[in-house]
Amino acid sequence: MSMIEKVSKWIELFGEKVTQNKETLNKLDTAIGDGDHGSNLTRGAAAIREKAEETTYDNLSKLFQDVGMTLVSKVGGASGPLYGSAFIEMAKKAKETEDIGEILEAGLNGIQKRGKAEVGEKTMVDEWAPVIDHIKSGSFTDEIIQESLQNTKEMKATKGRASYLGDRSIGHIDPGAQSSAYFFEALLDSGVL
Ligand code: ADP
Ligand code: MG
Ligand code: MG
């Protein structure tokens with residue numbers, strides 16, 4: 001499979017995972033947010049699938065760009081613009097390199113530029129940052145994905161809706177970290193790396 005086919009597979013698998021786990025994501029978001037994270041991303045996944053069906057890609061950057069624009073325009077809430085910014089920055093970086101670690105790092109920078117969250121604030125950043133470190137050092141495993149996810153449980157949210165709960169956000173996995181875990185599981189399954 002070509003790189004572009006593998007990346008298409010990655011995005012398709014991510015969409016399948018969020019769709020299959022829509023209720024799990026909504027439940028996590030009910031505990032510390034407004035209960036819509038799974039619904040938001042499932043809507044995005046359907047729009048991405050539609051776009052992919054009508055487009056033939058010969059260019060990685062264009063694929064990431066379309067995913068990013070679709071997420072920004074079709075997914076409401078915090079997560080649409082955040083995932084959208086990630087993919088748009090990934091599209092820019094993909095013009096320079098095919099190195100997935102570097103591309104994902106640019107995506108993380110996009111998330112942080114938009115959402116201003118640092119590591120430890122109980123957001124998707126707490127999944128992306130450690131996973132990318134391991135991808136870059138060649139030590140990326142499913143265990144890292146799950147460990148990073150579980151680590152969000154004991155964090156206190158200081159960004160996004162969950163921050164309204166203060167200390168009561170402690171003890172729950174962050175929904176955006178869970179969807180990001182699906183994103184990185186899909187990466188592992190796709191054969192991109
Ligand atoms: P909303 O909170 O608007 O309903 P979602 O439920 O779709 O949006 O997404 C919530 C997730 O978005 C959170 O679990 C968290 O991971 C992520 N998030 C929220 N705010 C930020 C931020 N400022 N930076 C990074 N991620 C954030
Ligand atoms: Mg929500
Ligand atoms: Mg919402």
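Predicted model: local features only at pLDDT ≥ 70, side-chain atom pairs only at ≥ 80, totals over all residues.
**Exercise 1. Which residues come nearest to ligand 1, of the 24 around it?**

Solution. 
- Residues are numbered from 1 along each chain as its sequence is written, with chains lettered from A and ligands numbered from 1 in the order in which they are written.
- Apply the cut-off. A residue is near a molecule or strand if its C-beta atom, placed from the backbone, lies within 6 Å of it.
- Gly77, Ser79, Gly115, Gly160 and Gly176 come nearest.
- Assign elements. α3, α5 (79-93), α6 (100-115) and α9 (175-190) each give two or more residues to the shell. Helices are DSSP runs (H or I, at least four residues), as are strands (E, at least two), numbered from the N terminus.
- Find the largest share. α9 supplies it, with three residues.
- Sort by class. The shell around ligand 1 holds eight nonpolar, nine polar and seven charged residues. Ala, Val, Leu, Ile, Met, Phe, Trp, Tyr, Cys and Pro count as nonpolar, Asp, Glu, Lys and Arg as charged, and the others, Gly among them, as polar.

**Exercise 2. Describe how α7 packs on α9.**

Solution. 
- Take the axes. They come within 8 Å and cross at roughly 35°. Axes are lines fitted to C-alpha atoms, for helices over the stretch in contact, and angles run from 0 to 180 degrees between N-to-C directions.
- List the partners. From α7 come Asp126, Glu127, Trp128 and Val131; from α9 come Ala177, Ser180, Ala181 and Phe184. Contact requires C-beta atoms, placed from the backbone, within 7 Å.
- Sort them. The contact of α7 with α9 has five nonpolar, one polar and two charged residues.

**Exercise 3. Is asparagine 26 buried or exposed? Treat asparagine 59 likewise.**

Solution. 
- State the cut-offs. Buried needs 20 or more other C-beta atoms within 10 Å of the residue's own, exposed 12 or fewer, and partly exposed lies in between; C-beta atoms are placed from the backbone.
- Locate asparagine 26. Helix α2 (residues 22-32) contains it.
- Count. Asparagine 26 has 20 C-beta neighbours inside 10 Å, so it counts as buried.
- Check its contacts. Beyond neighbours within four places in sequence, asparagine 26 touches Gly35, Asp36, His37, Gly38 and Ser39.
- Turn to asparagine 59. The loop between α3 (37-53) and α4 (60-74) holds this residue.
- Count again. Asparagine 59 has 12 such neighbours inside 10 Å, so it counts as exposed.

How values were computed: Contact = placed C-beta atoms within 7 Å.
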